[in-house]
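Subject: Structure handover

Hi,

Here is the structure I promised to pass on. My notes on it follow below.

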Amino acid sequence: MFSPPLYTCFTFLHFYLFTLTMIVTEHKQTSPDNGMTENNAPRIAVLALQGAFIEHENMLRRLGAEVFEIRQLSDWDKAKDGLVIPGGESTTMRKLLHDLRLLIPIRQAITEGLPVFGTCAGLILLSKEVEGEQSERIATMDALVCRNAYGRQLGSFHIKAPFKGIDDEVPMTFIRAPYIKKVDDGVEVLAEVDGHIVAARQDRQLVTAFHPELNDDTRVHEYFLRSVVLQKL
Ligand code: GLN
């Protein structure tokens, strides 16, 4: 039927397609879609637009997580098991999230159950209400926060306080920090300082008003990976 050269050509094409199918199948087997890496370490996205994101990355890597940065919309498509929103300046981050068209996809993913850990400015961005502000935010957590709540005198301070779910007191560094003034029923209070809520959890959303990434103590990040991302007790 076919002349010999044409037949050879088809045989080669067949072999090429077969090899390609094998490679793709193998890749799928070793790269599950849930973001979990081959050795089952969680893969965590860190919002890296502004603020203290490197410190979170270092801490997560120390705990064995795989980390990648979210700097633009195309980064958001990568598979992930959780998201960290660092401290910094919430007004700047909010503007960048909006301009880069990341705000809505992030809000949607969290609403659909993506585990998230927000520290300080991250807490502000995740809260549904901010006292005296009507700005657009991620707004997925049923909390009312007060920005720069400690006033100028007490702008930054460091203390140790109990944290529910972690043995012993946890070091807490506050930098022009907010606190949570009010939470709804679905939100569990994890830590309080001077009668103000400074750490809370709502399902798979964890927030702290302080910066656990700025100390050497890894236990709050461990809590996030173990209890919020992997949902182990
Ligand atoms: N004061 C900052 C804000 O309002 C938050 C400070 C921080 O993240 N350390 O956004």
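How many residues lie between β7 and β8 in the hairpin they form? There are 2. Gly165 sits in that turn, and its phi is positive, about 95°. Please keep in mind that this is a predicted model.

β7 covers residues 156-163 and β8 covers residues 166-175. They run antiparallel and are joined by 7 bridges.

Next, the ligand. The residues around the ligand are Gly87, Gly88, Glu89, Ser90, Cys120, Ala121, Ile124, Arg147, Asn148, Ile175, Arg176 and Ala177. By class, that shell holds 5 nonpolar, 4 polar and 3 charged residues.

Ser127 belongs to strand β5, residues 127-130. Ser127 is buried, because 28 other C-beta atoms lie within 10 Å and 20 or more is the cut-off. Leaving out residues up to four places away in sequence, Ser127 touches Ala139, Met141, Ala143, Leu144 and Val145. Thr140 is 13 residues from Ser127 in sequence, and their C-alpha atoms are 6.2 Å apart.

Lys182 is part of strand β9, residues 179-183. Is Lys182 buried or partly exposed? Lys182 is partly exposed, because it has 13 other C-beta atoms within 10 Å. The C-alpha atoms of Lys182 and His196 are separated by 9.1 Å, and these two residues are 14 apart along the chain.

Best wishes

Definitions and conventions. Residues numbered from 1 in each chain as written. Predicted model: local features only at pLDDT ≥ 70, side-chain atom pairs only at ≥ 80, totals over all residues. Near = placed C-beta within 6 Å. Nonpolar A, V, L, I, M, F, W, Y, C, P; charged D, E, K, R; others polar. Helix = DSSP H or I, 4+ residues; strand = E, 2+ residues; numbered from the N terminus. Buried ≥ 20, exposed ≤ 12 C-beta atoms within 10 Å, placed from the backbone. Pairing = 2+ DSSP bridges. Contact = placed C-beta atoms within 7 Å.
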